[in-house]
Amino acid sequence: MATNEHAAKTVGRGAGKAASARANRWTMRDVMTFVIFNIVIVAVTMVVKVAEDAVLSPQNTFFVGSWLFPLVSTPFYLVMADRIGKRGVLAGSILLFGILYTFMGGVYCAPVAVAGAIVGELAMLGSGAYRNIVRAAAGFFVYWATFACYGIIPYLLFRDAYMEQLGAYYSANDVAAMVAQYTELPWILLMLALFAAGTALGAVVGARFLKKHVRKAKIA
């Protein structure tokens, strides 16, 4: 009798694991959704970056981009996360952006992206995490914290060479301000706080759109 019960439990656990694996398996629709929304997120971010650089000095973009980038992109991310709702959404998004910055900014971005992807997915462990708006938004903050590291790392590892490179394009005052903003702890904490604020505000907008339009229309 005990042997039969043990066998039944074993079979049940096996069936549960198999069902979980099937539930987390990405479909072609998931892949297409992921690609399309990440293209939109990157495109929106780049457009805002170009506009920001056109009207602000380098030392002042710090105070705008840190909250504006996540504000405009978080609603798109929340819809994507809700529609796919499976493991790997955040890690894949971080890695995709990291690959872009690796080609644009240097190979140091690649290991930073890998570390961010690992931290991000660990933050999203648990059933239903991607369809929980608060958790999805908190996970997306990891995306932007990783993005912040793309700016911090070159100052820490290649400070003199990087400053010399920047000096060819910007004034000495701008370079000094950027060095302080990306190397001094109070400025770094302020940047992360601005990223968190932008993500939170974007999540409010995204949650409203998700509940009123996407889920109601049964798009997700």
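Colleague: How much space lies in the second largest pocket?
Modeller: This is a predicted model, where local features need pLDDT of at least 70 and side-chain atom pairs 80 or more, while totals for chains, interfaces and linings use all residues. Residues are numbered from 1 along each chain as its sequence is written, and side-chain values use heavy atoms, without hydrogens or water. A pocket is an open set of points on a 1 Å grid where a 1.4 Å probe fits, with protein on both sides within 12 Å along at least five of seven lines. Counting the space filled by probe spheres on the points, joined across faces, edges and corners, the second largest pocket holds about 230 Å³.

Colleague: Which residues are closest to its centre?
Modeller: Lining residues have an atom within 4 Å of a point. The second largest pocket has 12 of them, and the closest to its centre are Asn24, Gly85, Gly126, Ser127 and Gly128.

Colleague: What volume does the largest pocket have, and which residues are closest to its centre?
Modeller: The volume of the largest pocket comes to about 940 Å³. Its lining has 33 residues, and those closest to the centre are Lys49, Tyr101, Gly151, Tyr162 and Tyr182.
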